[in-house]
Amino acid sequence: MPAEVPAPRIVTLTTDFGAGSGYVAEMKGRILHARVPVVLVDIAHDVPAHDVRAAAWLVGQACPAFPQGTLHIIVVDPGVGTRRRLLWVRAGGHEYLAPDNVSPESGVLTRVLAATPAEAVRELTVPAGASTTFHGRDVLAPAAVALLDGVSPDTLGAAVTDLVTIAPPLPRQTAAGLAGEIVHVDTFGNLLTNLPADQWPRLVAAGRLCVGGREVGRLVRTYGDAAPGTVVALVGSQGVIEVAVVQGRADVTLAAGVGTEVLVP
Amino acid sequence: MPAEVPAPRIVTLTTDFGAGSGYVAEMKGRILHARVPVVLVDIAHDVPAHDVRAAAWLVGQACPAFPQGTLHIIVVDPGVGTRRRLLWVRAGGHEYLAPDNVSPESGVLTRVLAATPAEAVRELTVPAGASTTFHGRDVLAPAAVALLDGVSPDTLGAAVTDLVTIAPPLPRQTAAGLAGEIVHVDTFGNLLTNLPADQWPRLVAAGRLCVGGREVGRLVRTYGDAAPGTVVALVGSQGVIEVAVVQGRADVTLAAGVGTEVLVP
Amino acid sequence: MPAEVPAPRIVTLTTDFGAGSGYVAEMKGRILHARVPVVLVDIAHDVPAHDVRAAAWLVGQACPAFPQGTLHIIVVDPGVGTRRRLLWVRAGGHEYLAPDNVSPESGVLTRVLAATPAEAVRELTVPAGASTTFHGRDVLAPAAVALLDGVSPDTLGAAVTDLVTIAPPLPRQTAAGLAGEIVHVDTFGNLLTNLPADQWPRLVAAGRLCVGGREVGRLVRTYGDAAPGTVVALVGSQGVIEVAVVQGRADVTLAAGVGTEVLVP
């Protein structure tokens, strides 16, 4: 038996189920029926319930950090059991299994597909007997097992050619200055904007930016460059301009959140 | 060395320790002393402290989803260090290590053993030097290592022949109708009843059910079949009738929880 | 390919990022670029933000439970991007990658190095292009991959000979008795003191101890030896004297926390 063990495959999971819900474990149990060894990695299970936009951020942040060949399963699915499609997507050497919850705001793959276009897309066939409320367990997990066991993606369902992807919000040039918005609040309360790092020189020239009308004038290289409690702006680890409170929470101090306007005058 | 690596074994963990407590990690560290590669899967560590009934639900929901041969370790153990027994149980092709915390209400294996009777049971011998307060680390983890390394379960301790298992609460036929109860509230606030899916036609004929005296008349196939905020009943993914609020929390809206009466008139 | 799969390596992670933050997953994605199979184990990601002392406790509790050869990565790093060093440390057959956040109170390796002196220490070279705010991803994870892939630690950076480690607080003999303090509150609300288990006979002789001025007179062998709600003292699983409330929370009942004085008269 030892000589037959193949190299392990990496599978990530992103859901709004809650880590200890039992639903995550049901999915893992099914996925581990694959004959190949699997390394399961939790990206997040505490995505706010039904918050497709928050999931899209996490997927865009974390999935590309994994090695090529990783299979990512995302289940934030307010439309479970309705006519929304379930998809297999190959992009940038990674595979994704996720609901096609395209909405006026975003789908869970919005950010990842904005960075790396889809190379192939299939609509998963829903197996007979699948529940109407838990397609993560009854459609995505079996598809994952099939893929891990070497089944061709072509057999999972029909090719999709009309996938709609929506670009994340871009900053706009306005009379008042460069206008962007907060697109993510991290666990430290740091406010991540959609102003890319290459706008830093412009911010330095302006000397300040405004977050929801509150002015932030302390521009630093890293959090530790100012005293605890100081409101600072910096280029963070996600390649965008961030606003933070040193060893504090900028979301609380500035009463700001996703969607709050950011302006570089 | 490569050619000597055997196939990995799956080990699940269910505790009330808290995911970041250090106690979970201590157990994992011990388990990973096994010579066989181990895939560790967390089922839940945020079971409410000492809540044997909640743990029994999760174990019954999640453990059977794993492949045969999986070893499940459960540590929700208000009686740690007292005379309650620690057990090894084989049932349905799975192995379980858990305290025998049978109580007037339930033990952690209640639901799983109601579905699949125990084939073999042993009482674990408590090793000399074990702490009196952390038998998960000092008794269950060493037993797991022994089992993973191929030791016969017969050597773990004496055979148990008087295992008491308690059937989960069953619905009753009353003058007012079919009476059941809420047996689990999931992370979305959905209320899972003990009315099995095969009672759905009866519910459809009645046209409504009552949860703690509140009437629910909207019967649907899946959550997305009604507008956000609607209170609905449906057959959920766990094979029982559920009451939910679409994209909301039924436990809050209906002020209901485990034990709340459910009636199909 | 099967015959080329080497034995897996264990890597643990302790951070204050929050389990579902995306930052943890970014680190895991990078670490899994190692060519050797890796078993990732989360020790904790919900360490209070920037709380080096809490992290030091967890690291001291959990890391030594793992097999020799385990690589432990700790990222609780209020000084990220400043001149504090990032270290590779070998101690007791384990390897550690962590910031050298020595402070008046403690660094994250304080407790583990108090138990097992460092055998070798290197200061990690920060790669060109590393962010200034996420050295876990940009410095520690690449160092982990290098180590897992067999690179000599000597190539990671210069040898460190001036590592400062601070002994955890020790109990003191005072006129009023043996004075210690609460050094950790666990997830159950149990209060762990710095009074070692070998002081138990002295406590038994005194018949009581005081926690922040509140007297605790019920000395037991394990939690289940007293009725729910009773305040008890016992020798717990961490080798120190603990104060607990049976099936309750001692931190709440006694209004005590880390730093609260403990006195055996």
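Do the copies, chain C and chain A, meet through the same or different surfaces? I looked this up before anything else, in what is a predicted model.

**Entry: chains C and A.** I found that only 6% of the interface residues of chain C are also interface residues in chain A, so these copies meet through different surfaces. I then checked the superposition.

**Entry: chains C and B.** Chain C is superposed on chain B by a rotation of 120° and 0.0 Å of shift along its axis, with an RMSD of 0.0 Å. I therefore noted the two copies as related as by a three-fold rotation axis. Their contact surfaces are different, with 6% of the contact residues of chain C recurring in chain B.

**Entry: helices H1 and H4 of chain A.** I turned to the packing of H1 (residues 23–31) with H4 (residues 135–148), both in chain A. Their axes come within 8 Å and cross at roughly 30°. Angles under 35 degrees count as roughly parallel, so I recorded H1(A) and H4(A) as roughly parallel to each other. The crossing of H1(A) past H4(A) is right-handed.

I listed the contact residues next. H1(A) contributes A:Glu26, A:Met27, A:Arg30 and A:Ile31. From H4(A) come A:Gly136, A:Arg137, A:Asp138, A:Ala141, A:Val145 and A:Leu148. By class, I have the residues of this H1(A) and H4(A) contact down as 5 nonpolar, 4 charged and 1 polar.

Definitions and conventions: Residues numbered from 1 in each chain as written. Chains lettered and ligands numbered in written order. Predicted model: local features only at pLDDT ≥ 70, side-chain atom pairs only at ≥ 80, totals over all residues. Heavy atoms only, no water. Axes fitted to C-alpha atoms, helices over the stretch in contact; angles between N-to-C directions. Helix = DSSP H or I, 4+ residues; strand = E, 2+ residues; numbered from the N terminus. Parallel < 35°, antiparallel > 145°, perpendicular 65-115°, else oblique. Left-handed = near helix turned anticlockwise from the far one by under 90°. Contact = heavy atoms within 4.5 Å. Nonpolar A, V, L, I, M, F, W, Y, C, P; charged D, E, K, R; others polar. Least-squares fit on C-alpha atoms with pLDDT ≥ 70 in both.
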